Amino acid sequence: MRCRADRRDMTGLYYEEFEVGETIAHEKRRTISESDNQRFCDMTMNQQPLHLDADFAADTQFGDRLVNGLYTMSLAVGLSIPDTTDGTIVANLSYDGVEHPNPVFHGDTVRAQSTVTDKRETSDGERGVVTMHVEAFKVGGDGKGTEDANETETETDETLVCEFDRTVLALKRDEE
């Protein structure tokens with residue numbers, strides 16, 4: 001696994017720079033606040049009480065409000081952009097196979113990583129299509145949402161909270 005910290009001041013990757021099998025650990029992380037979740041729900045008009053109503057959520061299997069899963073997915077994409085497609089993308093083509101295996105709560109810190117799973121030139125050879133498997137992890141934590149109630153987490157523990165495949169249309173370097 002490579003960290004692209006040495007490329008911090010550069011744009012994203014051109015098609016030729018993506019390597020199938022490479023995992024890019026994204027350096028930026030974000031701790032999700034209650035207001036982040038509230039604003040996202042407001043902007044998307046999602047009024048699901050599991051995200052917004054503490055009394056309602058207290059009576060669920062989770063015992064607390066969950067962060068909106070689409071926010072978690074969007075955050076993972078946002079965390080990945082500086083290292084993958086910032087300034088080198090033509091378009092996002094698809095998001096496939098989205099899964100949320102564990103919940104995210106207010107106060108959780110999320111990090112992401114992307115593994116390049118496929119790449120091919122377009123039929124005209126002018127651009128490239130790149131597919132990445134993006135994973136978002138909750139780092140550290142308080143044990144909420146773990147499948148085993150006896151399991152404890154330490155500061156270095158990570159829990160997979162979202163994963164999906166992101167396919168993009170990327171510029172080729174010679175198309176600058």
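The secondary structure of the protein comprises four helices and six strands, as found in a model that is predicted. Read from the N terminus, the elements follow the order β-β-α-α-α-α-β-β-β-β. Of the 176 residues in the protein, 44% are buried. Among the contacts between residues at least 6 apart in sequence, 72% join residues at least 24 apart.

Strand E6, which covers residues 158-171, is largely enclosed by the rest of the structure, because 11 of its 14 residues are buried. This strand is paired with strand E3 (residues 89-99) through seven bridges, the two running antiparallel, and in this pairing Ser94 stands opposite Thr167 of E6. Strand E6 is also joined to strand E5 (residues 127-139), here by 13 bridges and again in an antiparallel arrangement; Val139 is placed opposite Glu158 in E6.

In soluble globular proteins, nonpolar side chains tend to be buried together. In the present model, the largest nonpolar core contains 26 residues, and those with the most contacts inside it are Phe18, Ile32, Val110, Val130, Met132 and Phe164. Helix H4, strand E4 (109-121), E5 and E6 each contribute at least two residues to this core, and the largest share, six residues, is supplied by H4. When residues up to four places away in sequence are not counted, Phe164 touches Met73, Ala76, Val77, Tyr95, Asp96, Gly97, Val98, Met132, His133 and Val134.

Helix H4 spans residues 69-84. The 16 residues of H4 should span 22 Å at 1.5 Å a residue, and this agrees with the 22 Å that separates the C-alpha atoms at its ends. The buried residues of H4 are Tyr71, Thr72, Met73, Leu75, Ala76, Val77, Leu79, Ser80, Asp83 and Thr84. An α-helix has 3.6 residues a turn, so residues three or four places apart point the same way. The buried residues of H4 pack against both strands and a helix, namely strand E2 (23-31), helix H1 (34-43), E3, E4, E5 and E6.

The loop between helix H3 and H4 holds Asn68, which counts as buried because its relative accessible area is 3%. At the start of H4, a side-chain oxygen of Asn68 comes to within 2.8 Å of the backbone nitrogen of Leu70. With neighbours within four places in sequence left aside, Asn68 is in contact with Asn37, Phe40, Cys41, Asn46 and His51. Asp64 is located in the loop between helix H3 (54-58) and H4, and counts as partly exposed because its relative accessibility is 23%. Although Asp64 and His106 lie 42 residues apart along the chain, their C-alpha atoms are separated by 9.1 Å.

A disulfide is a covalent bond between the sulfur atoms of two cysteines. With a cut-off of 2.5 Å between cysteine sulfur atoms, the count of disulfides in the model is zero.

Key: Residues numbered from 1 in each chain as written. Predicted model: local features only at pLDDT ≥ 70, side-chain atom pairs only at ≥ 80, totals over all residues. Heavy atoms only, no water. Buried < 20%, exposed > 50% of the residue type's maximum accessible area, 1.4 Å probe, protein only. Pairing = 2+ DSSP bridges. Core = buried A, V, L, I, M, F, W, Y, C linked by side-chain atoms within 4.5 Å. Contact = heavy atoms within 4.5 Å. Expected span 1.5 Å × (residues − 1). Polar contact = N/O pair within 3.5 Å; in protein donor to acceptor, adjacent residues only side chain to side chain.
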